[in-house]
Amino acid sequence: MFSKLAGFTGLPAQIAKIAFMAIIDAILLTMFFSALNKHASTIEYVISGVAIAANFVYFAKFTLPFKFLLPGLVLLTVFVVVPVAYTIQMSVFNYQTGNEVSKSDALVQLLNNGLQPDASNTSYDMVLGHEGSLYAAVLTSQIDKSVLLATTQSTVLLKAGQYTLDPHGVAKSAPGFVPLTITEAANADSLISNLKFPFTHGSFIAPQGLDVASLLTQTLSYDAKTGILTNSATGVKYVDNGNGNFANQANKSQLLEPGWKSFNGFSNYTHLLTDPAVRGPFIGVFIWTTAFALFSVGIMFIVGLLLAIVLNRKIALRRFYRSVLILPYAIPSFMSILVWNGIFNRQYGAFNALFHTHIDFYNSVWLSRGIIILVNLWLGFPYFYLISSGALQSIPSELEEAAAIDGATPQQILRRIKLPLILQILSPLLIASFAFNFNNFNIVYLLTNGGPTDLGKTAGATDILITYTYKTAFGSNNQNLGLACAISVVIFFVVGTVSLWGLRRSKVLESM
Amino acid sequence: MNLRALPKHLFLWVLVIFTLFPIYIVIESSLNNTGSLATGTLVPHHVSLDNFKLLMHNTGSVPYFKWMTNSIILATANALVSVVVGAASAFAFSRMRFKGRKIGLQALLLVQVFPSFLALAAIYVMMEKVYTVFPQIGLGSLGGLLLIYLGGSMGVNAWLLKGYIDTIPLELDEAARIDGASTVQVYWIIFFPLAAPVLAVTALLSFIGTFNEFVLASLFLQDVNRRTVAVGLQQFVGAQFGQNWGPFAAGSLIASIPLVILFLSLQRFIIGGLTQGATKG
């Protein structure tokens, strides 16, 4: 099969390569123009970067290693490095529920929200349609039954006789007015939310549905020069508070919603350490995460190592033990976790049913933590058995023989020679396992969902940093993406430091 | 059996029971048509295949086979593409000397410690933006999720494969080169066939990893028909615990059996792969 490829050189190969690159370029170019159309500048940059790199690497002569590296490099850069950079960027922004759009979008929304019904709450029965090329409406006041013909340019009061009323007393027609067809009416959603018929100065009539409209007054007005938002009804002036909101000039704690995402320096980080509402849960979660990861790795390693020592010697039923005890590693872990979740269910769970108890595991802090460790042990000890057994077998038998000749007992050989060697061999894997468990989202989320959680709190007793990040970013109350990213950065830092320290120790870095 | 080995057997049997307990519960629940798992005994009372039938026929709110298909497509695509692309990178790192190689390797080593879901908030916002331009690969699409998985598995796979390739003797390449082979030919003719078993194991580990992935899938796939089996089953069993337990157990069994068989039959290679990094130290 490969010998065919081997003969595939010279001109045909050149043509194939050019054709292939032409297809890639065509795809990238199409994508680039779609991005251009939607004004998505970041996506434009990424696509052009990829296109330039691909053409350079595959057409230049001296870039051979990069011909092999590029596809992986592109995937790694676009879908790992860019999100990580974006995480760091988001972590220095006030970016949360109520502050998630750009300033200009927030301003549009504020001005729209600044519309208020007039004093007498005037509303109209409405028939939508056209007058000439303009959208128009025939409006019957629900208060005094006067009838208006409004277009997007002007509004006129109609005299009796100019319109016809239906049995409910609603005007349905007017001179020059053509109602919407049924199809037009069916697709009028966006039309309804955007239409405004000017009425008097500063007020207009806006549809509230397909057949109702109300008289609204613009109370907020924005002065682009001074950057001040004024409420004409109350006279209150609002200014940019520098933290993504307009605030009352006289009383800065009065904010207008919505705000926008705004740069706030290291506030998210300082909040983690100083804001009592954030600091408490954060520090608690941090300690539990570290304890959970250390303890999990420790206990899994001990059980796995014992197992490896026991099964390394000849023992009856060895094959049986080996094949059964490896099962947890072979079963998809999310399923095992969900099954364990069910076993400890108070009402339906197998544990309470078998032992005729009524233990409410998920409502007790320490029982929840206990079952997380227990289930993690179930999931993880086979892996540790496998790596320990591999390490045991890699120890040269001469060492053992030499020690035995010097009169060492088997226990001494194990404790003084084998264990230190195993620890040394396995330390990179133990550190990797610590890093994995530090971010073991599945076990926490699927087993206890971080609970038990006190009412109104974001973090529960078994939440680890990564599930806490998830809840901070996508929880049901306040979604604080900026703070979530700051926590992610803290995790990067912890895991990165521990891993680097481990790699230095194991001297992997020097051997490259 | 001699008496000295008794404590060892005791230890082993405790572990065996611990290991088999949840597995037994799942099998029992899947065959038990009373729905709940609280039977109070270890022997199933009402053995039937009702739970399995329910999964086959219920396609509206619990499109179980759709979920399985999604999971298998995602896991297979990720395994194949990430291994092919990762192998090329690993080959370059192992066999070629170029500027930036050492820095690149160190960066790779560091990157592969971080699971890609750490940047979940950023990924979400980013893919939300991608959706407005390319809905096919944006938030909510299997394609977008696959791209994120591919990016995430690149570091680990390239690093793992580089370790293996380092163990293939250089003399083989050199002999081919003397015969006039180019680097690209060495890659396809010498390296690829030699590394095939190792590539298969790496692909299998990627497959299992993707199959188990939950965070990003639950964030990405809101539409019930686009869920993976992990997200689908979690939502299903979480919604109505007592009632859905039996079908859930049946579904877990169906999904686990092929993976367990695959794993056990390739056990020797997988263990070789796991301990490779360790025994080299």
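Q: Which residue forms a salt bridge with A:D166, and how far apart are the closest N and O atoms?
A: Side chains of opposite charge can pair when their charged atoms come close. In this predicted model, A:D166 pairs with A:K172, and the closest N and O atoms are 4.0 Å apart. A:D166 is buried at 17% relative accessible area, while A:K172 is partly exposed at 39%.

Q: How many salt bridges does the structure hold over all chains?
A: The count over all chains is 7. One of them joins A:R346 to A:D360, with 3.8 Å between the closest N and O atoms. This pair links distant parts of the chain, 14 residues apart: A:R346 lies in the loop between α12 and α13 of chain A, and A:D360 in the loop between α13 and α14. A:R346 is partly exposed, with 41% relative accessibility, and A:D360 is partly exposed at 30%.

Q: Where do A:E400 and A:K418 lie?
A: A:E400 is in helix α15 of chain A and A:K418 in helix α16, 18 residues apart. They form a salt bridge whose closest N and O atoms are 3.4 Å apart. Buried means under 20% relative accessible area, so A:K418 at 12% counts as buried. A:E400, at 31%, counts as partly exposed.

Q: At what angle do the axes of α4 of chain A and α5 of chain B cross?
A: They cross at roughly 110° and come within 8 Å. That makes α4(A) roughly perpendicular to α5(B). Residues of α4(A) in the contact include A:F79 and A:Y86, and those of α5(B) include B:I123 and B:M126. By class, the contact has 12 nonpolar, 1 polar and 1 charged residues.

Q: Is B:V231 buried or exposed?
A: B:V231 is buried, with a relative accessible area of 1%. This residue belongs to helix α10 of chain B. Not counting residues up to four places away in sequence, B:V231 touches B:F214, B:A217 and B:S218. For chain B as a whole, 56% of the 281 residues count as buried, and the secondary structure comes to 12 helices and 0 strands.

Note on methods: Residues are numbered from 1 along each chain as its sequence is written. Chains are lettered from A and ligands numbered from 1 in the order in which they are written. This is a predicted model: local features need pLDDT of at least 70, side-chain atom pairs count only at pLDDT 80 or more; totals for chains, interfaces and linings use all residues. Side-chain values use heavy atoms; hydrogens and water are left out. Axes are lines fitted to C-alpha atoms, for helices over the stretch in contact, and angles run from 0 to 180 degrees between N-to-C directions. Helices (H or I, at least four residues) and strands (E, at least two) are DSSP runs, numbered from the N terminus. Angles under 35 degrees count as roughly parallel, over 145 as roughly antiparallel, 65 to 115 as roughly perpendicular and the rest as oblique. Contact means heavy atoms within 4.5 Å. Ala, Val, Leu, Ile, Met, Phe, Trp, Tyr, Cys and Pro count as nonpolar, Asp, Glu, Lys and Arg as charged, and the others, Gly among them, as polar. Buried means under 20% relative accessible area, exposed over 50%, partly exposed in between (1.4 Å probe, protein chains only). A salt bridge is a side-chain nitrogen of Lys or Arg within 4 Å of a carboxyl oxygen of Asp or Glu.
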